[in-house]
Amino acid sequence: MTAISPTDQAAARATSIVAAEAQARARLRKRHALVIGLRLAILVIFLGLWELCADYNIIDPFFFSSPSGIWEQIWSWVTEGTSQGPLWLQIYVTLEETFLGFVIGAVGGIVAGIILGRNKLLADVFSIYIKIANSVPRVVLGSVFIIALGLGMASKVALAVVMVFFVVFANAFQGVREADRAMIANAQILGASPFQITTAVIIPSAMSWILASLHVSFGFALVGAVVGEFLGAKQGMGLLISTAQGAFNANGVFAAMIILAVMALVVEFLITRFENYVVKWRPAPFNEQGA
Amino acid sequence: MQSQTMAAEKLSPAAPPADAAIAIEDVTLRFVTPDGHMMTAIRDFTMTVARGEFACVVGPTGCGKSTTLNLVTGLLRPTTGNVRVMGNPVTDISRDIGFVFQADALFPWRSVIDNVAAGPLFRGTPKKEAYDKARDWIGRVGLSRFEKHYPHQLSGGMRKRVALAQTFINQPKILLMDEPFSALDMQTRTAMQDELLGLWSGLKSSVVFVTHDLEEAVALADKVYVLTAGPGTVKSVYRIDLPRPRVMADIRYDPKFIEIAKVIWNDLREEVQLGQSRGLQASH
């Protein structure tokens with residue numbers, strides 16, 4: 001038995017490694033630029049074709065609007081205000097309803113999910129009612145809320161709450177149920193009381209489930225608020241859409257839609273930031289490594 | 001059993017002495033499966049662990065090895081017979097008990113130091129004291145540089161070290177271990193066995209170490225319990241008179257060790273074969 005020692009070419013190898021790394025980094029940068037470039041190109045082509053088709057009347061701009069028409073509409077809303085007051089006020093009202101509904105619905109869903117997830121009897125008793133409540137088309141409840149709570153903010157918030165609650169509840173419940181048995185036993189033997197188990201094990205392990213549902217449910221809250229305004233309101237983006245629809249103003253509908261989309265994207269970004277802060281203990285997902 | 005040696009002395013299960021750390025007396029545990037059948041997990045099971053003694057339990061898969069540990073924690077209650085820990089009947093999870101799991105039971109959202117400090121914090125130790133203690137124990141398992149790391153940033157062996165520190169920080173009088181090193185590679189496992197014996201010799205807890213690996217059992221234990229294929233009961237008990245301190249990397253080549261392992265393996269083999277043939281029948 002003899003030990004074999006590798007021949008020593010360490011220095012030469014080191015320089016070639018540095019060169020290879022630089023090459024790999026350059027390739028990554030190039031690919032990144034390519035992706036961004038292609039995305040921009042698709043946007044430009046899409047908007048350009050739409051505009052051209054509208055200009056040459058291949059599609060009727062009266063029904064399907066055109067990028068320039070939408071832009072003019074947004075610009076006039078920004079500079080001259082809408083028929084129901086300044087644009088920022090409409091955005092503010094809708095956002096306020098959405099946020100209130102989102103927060104109330106999410107907190108309620110999380111609390112209910114954890115209580116039912118921790119208590120088998122309550123879960124068995126209430127699961128049937130939650131299933132029934134969940135199968136009611138919730139948008140219809142909007143009409144009920146308008147009748148009961150009036151044209152003000154309360155009816156929109158209520159609709160947003162029911163839109164959010166069930167999504168968050170289902171996820172929180174599932175998250176609590178999936179909490180690792182060994183981890184709970186470990187906490188128990190280390191000396192945790194049932195309350196400490198809930199706060200130190202159950203809630204953190206359900207957190208990824210809950211956060212996942214928050215992404216989806218913010219969109220739902222926005223839908224709830226806008227539909228509520230649609231059904232009857234004095235302010236808000238939903239009313240703006242419904243007014244534009246009544247006036248056969250396709251530009252207005254598209255413009256309001258785009259503003260709503262931008263609002264949703266901004267909040268989505270904030271939620272992602274929040275999520276990354278809360279679950280910083282989690283390993284980076286594979287597709288984000290090296291990005 | 002003709003080849004009795006001085007090193008592996010076969011013991012007869014006797015009535016437990018009053019001062020035993022753990023006494024499981026004539027315990028049978030049955031439970032009803034979800035489809036309504038009665039299952040016997042262990043039957044007529046008797047086992048005693050003296051204070052400061054290191055006992056290993058080996059047996060074929062599914063013979064109720066882990067069940068014995070859960071009887072001691074109080075997570076399972078015997079159908080008949082009784083279990084005493086430190087002379088008292090088991091009623092609740094005792095503060096004297098530490099448990100190292102087979103699976104990774106660390107809290108992934110807590111850093112190493114927060115994981116190790118968890119036990120004292122749960123038990124109401126003031127924050128500063130808990131963290132000072134945690135720092136000390138992290139040092140003892142050689143992870144001082146990794147205090148702020150999260151479990152997913154550590155290797156399997158390092159995570160096991162954290163788990164050991166997390167358990168030992170409570171200074172358990174009774175230490176229960178459920179195949180704690182079975183997921184580790186050979187070299188890491190050997191290192192962890194040394195680590196465990198080092199920590200144990202400082203604390204002198206009474207240990208029940210469940211494993212399917214006979215060599216691990218012989219290398220670590222004062223006493224080895226061989227279980228029959230399920231429903232498990234004690235087939236035989238061996239006292240291992242290998243001198244301490246033991247060095248895991250070397251002990252495997254010790255002729256005395258090999259001799260003991262052979263003797264016990266002869267005993268264990270038929271149970272393993274029985275367990276496997278039953279497993280095959282059950283799957284058909």
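Modeller: Let's start at B:Thr167, which is in contact (C-beta atoms, placed from the backbone, within 7 Å) with B:Gly98, B:Phe99, B:Val100 and B:Pro172, if we skip its neighbours within four places in sequence. Bear in mind that this is a predicted model, where local features need pLDDT of at least 70 and side-chain atom pairs count only at pLDDT 80 or more, while totals for chains, interfaces and linings use all residues. Residues are numbered from 1 along each chain as its sequence is written, and chains are lettered from A and ligands numbered from 1 in the order in which they are written.

B:Thr167 belongs to helix α4 of chain B, residues 156-168; helices here are DSSP runs of H or I with at least four residues, strands are runs of E with at least two, and both are numbered from the N terminus. B:Thr167 counts as buried because it has 28 C-beta neighbours inside 10 Å (20 or more other C-beta atoms within 10 Å means buried, 12 or fewer exposed, in between partly exposed, with C-beta atoms placed from the backbone). Go 28 residues along the sequence and you get to B:Glu195, with 13 Å between the two C-alpha atoms.

Elsewhere in chain B there's an open, antiparallel sheet of four strands, in the order β3-β2-β5-β6; strands pair if DSSP finds at least two bridges between them. β3 (38-49) and β6 (88-89) of chain B each have a single partner, so one side of each has no neighbour in the sheet. Against this sheet packs helix α1(B), residues 65-73, which touches β2 (22-32), β3 and β5 of chain B and points at about 110° to β2(B) (axes are lines fitted to C-alpha atoms, for helices over the stretch in contact, and angles run from 0 to 180 degrees between N-to-C directions). Five bridges link β2(B) and β5(B), again antiparallel, and B:Ile24 sits opposite B:Val83 in β5(B). β5(B), residues 80-85, is joined to β6(B) by two bridges, and B:Arg84 has B:Pro89 as its bridge partner. Two residues lie between these strands in their hairpin, where B:Met86 takes a positive phi near 55°.

Now for the other chain. 14 residues of chain A are in contact with 19 residues of chain B. On chain A's side, α8 (181-190) and α9 (194-231) are the elements giving two or more residues, and α8(A) has the largest share, seven residues.

Inside chain A, helices α4 (87-118) and α10 (237-246) pack at about 125°, with axes 7 Å apart. That makes α4(A) and α10(A) oblique to each other (under 35 degrees is roughly parallel, over 145 roughly antiparallel, 65 to 115 roughly perpendicular, the rest oblique). A:Gln90, A:Ile91 and A:Thr94 from α4(A) meet A:Met237, A:Gly238 and A:Leu240 from α10(A).

Technical notes: Two residues are in contact if their C-beta atoms, placed from the backbone, lie within 7 Å.
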